[in-house]
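Me: I am new to this structure. Please walk me through how to read its features, one at a time.

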Amino acid sequence: MDLKVENGCIKEDNGLGWGKSLPVQSVQEIVTNGYQSVPERYIQEIKDRPSSISSESLQASLQIPIIDFSLLAKGDEHETRKLDLACKEWGFFQIRNHGVQVKILQTMKAAMAAFFELPLMEKKKYAMGANDLEGYGQAYVVSEEQKLDWCDLVALKTLPLEQRNLNFWPLNLPGFKEAVEEYSIEVQKVAEEINANLSILMGIERDGLKRYQGELKQLMRMNYYPPCSSPDLVFGVSPHSDGGSLTVLLQDDDVIGLQIKHKGEWIPVKPIPNALVVNISDAIEIMSNGVYKSIEHRAITNEKKARISAAAFAHVDDELEIGPLDSMVDDPHRPPMYKKIKYIDYIRQVLARKMDGKDHTDLVKIQT
């Protein structure tokens with residue numbers, strides 16, 4: 001991939017990646033410059049705006065599964081059953097005792113904060129390429145008319161090492177590369193252990209998904225949600241599901257922002273200090289033939305405080321054809337519910353559209 005620098009921004013000369021996103025103004029810059037009111041492009045349609053959370057939804061947030069990862073890794077049957085139930089009914093769960101040291105989590109958060117504190121022109125040196133979504137900017141911007149999210153991000157291919165493009169990494173920022181490297185390796189171990197447990201639950205050997213998928217790759221999306229004077233008008237991230245296999249999220253401990261859709265209601269995911277949030281993504285939903293759910297989720301903003309998070313997307317090789325595993329198909333009781341599709345074709349389809357709930361998984365469902 002050939003890259004050149006124009007006007008302080010990295011530009012990709014050629015090559016076809018996962019997709020592209022149109023450049024828009026930094027939300028952090030809008031806030032820093034002292035805006036009088038939320039710009040029109042960020043104000044959601046009335047029917048789509050985030051509403052206040054009901055007492056029932058707050059109560060439901062206490063029921064989001066919490067799994068002891070250390071017991072799961074030892075093959076504890078109770079924790080394995082909890083994982084199975086969490087993936088079937090919630091698609092989301094939090095994990096404690098995951099083995100990632102608190103110091104690594106804190107250093108990762110500090111590195112993200114330091115990046116977003118850089119001057120705008122410095123951050124723009126790492127702007128997204130013309131034909132890919134790696135780098136600094138905003139994702140899923142596919143038209144000049146669509147509503148935008150109140151969020152800036154930097155997305156980096158972190159694993160395997162040979163797929164990293166250090167042109168997008170702020171190497172002059174002390175400690176950033178080391179913090180992201182260490183965190184990405186540790187959180188990948190978590191994803192691989194969960195993947196192994198899902199293999200067993202899906203009726204194949206512990207290394208079955210690994211043999212089918214190959215080594216999971218990783219994309220790290222680091223998000224910055226500036227404070228918003230009218231949080232009831234905007235989304236930090238619009239409702240969507242993730243296109244990979246698994247997502248492991250490092251939340252801000254102090255600000256609630258993540259909400260998941262459960263039984264038609266939006267449920268806040270209250271941060272547990274030093275825990276990680278895991279969600280099933282589209283590829284696992286497809287491979288499990290719909291038994292495990294890739295759940296719609298969104299992020300809201302806060303009127304007073306900025307929020308940061310890091311989502312590590314574990315995904316399969318671009319050229320792999322994904323479809324329901326044989327062990328998850330039982331004709332005529334549970335026939336295949338999804339078409340087979342090459343992963344690169346699926347993810348390009350996802351990223352070519354504005355985030356809009358579960359529309360992209362519907363496109364690969366077999367109509368009956």
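Me: At what angle do helix H4 and H7 pack, and how far apart are their axes?

Reply: First, the ground rules. This is a predicted model, in which local features need pLDDT of at least 70 and side-chain atom pairs count only at pLDDT 80 or more, while totals for chains, interfaces and linings use all residues. Residues are numbered from 1 along each chain as its sequence is written, and side-chain values use heavy atoms, with hydrogens and water left out. Now the general idea: two packed helices are described by the angle between their axes and the distance between the axes. Here, helix H4 (residues 77–90) and H7 pack at about 85°, with axes 11 Å apart. That makes H4 roughly perpendicular to H7. Angles of 65 to 115 degrees count as roughly perpendicular, under 35 as roughly parallel, over 145 as roughly antiparallel and the rest as oblique. Axes are lines fitted to C-alpha atoms, for helices over the stretch in contact, and angles run from 0 to 180 degrees between N-to-C directions. Helices (H or I, at least four residues) and strands (E, at least two) are DSSP runs, numbered from the N terminus.

Me: Which residues of H4 and H7 meet?

Reply: Thr80, Leu83, Asp84 and Cys87 come from H4. Asn197, Leu198 and Leu201 come from H7. Contact means heavy atoms within 4.5 Å. By class, the contact of H4 with H7 has four nonpolar residues, two polar and one charged. Ala, Val, Leu, Ile, Met, Phe, Trp, Tyr, Cys and Pro count as nonpolar; Asp, Glu, Lys and Arg as charged; the others, Gly among them, as polar.

Me: How do helix H5 and helix H7 pack?

Reply: H5 (residues 102–116) and H7 (residues 176–201) pack at about 135°, with their axes 9 Å apart. The two helices are therefore oblique to each other. The contact includes Ile104, Met108 and Phe115 of H5, with Phe176, Val180 and Tyr183 among the residues of H7. By class, this contact of H5 with H7 has nine nonpolar, one polar and two charged residues.

Me: How many aromatic pairs does the structure hold?

Reply: Eight. A pair of aromatic rings is described by the distance of the centres and the angle of the planes. Rings of Phe, Tyr and Trp (its six-membered ring) pair if their centres lie within 6.5 Å; planes under 30 degrees apart count as stacked, over 60 as edge-to-face and the rest as tilted. Take Phe115 and Phe176: their centres are 6.1 Å apart and their planes at 40°, so the pair is tilted. Phe115 lies in H5 and Phe176 in H7, so this pair ties together parts 61 residues apart in sequence.

Me: Is Phe115 buried or exposed?

Reply: Phe115 is buried, with a relative accessible area of 1%. Buried means under 20% relative accessible area, exposed over 50%, partly exposed in between (1.4 Å probe, protein chains only). Phe176 is also buried, at 1%.

Me: What kind of pair do Phe116 and Tyr224 form?

Reply: A stacked one, 5.3 Å centre to centre, with 25° between the planes. Phe116 lies in H5 and Tyr224 in strand E7 (residues 217–225), so the pair ties together parts 108 residues apart in sequence. Ring pairs link Phe115, Phe116, Tyr126, Tyr136, Trp169, Phe176 and Tyr224 into a cluster.

Me: Where is Pro160 found, and which residue does a cis peptide bond join to Pro160?

Reply: Pro160 is in the loop between strand E6 (152–159) and H7. The cis bond joins Leu159 and Pro160, with omega about 0°.
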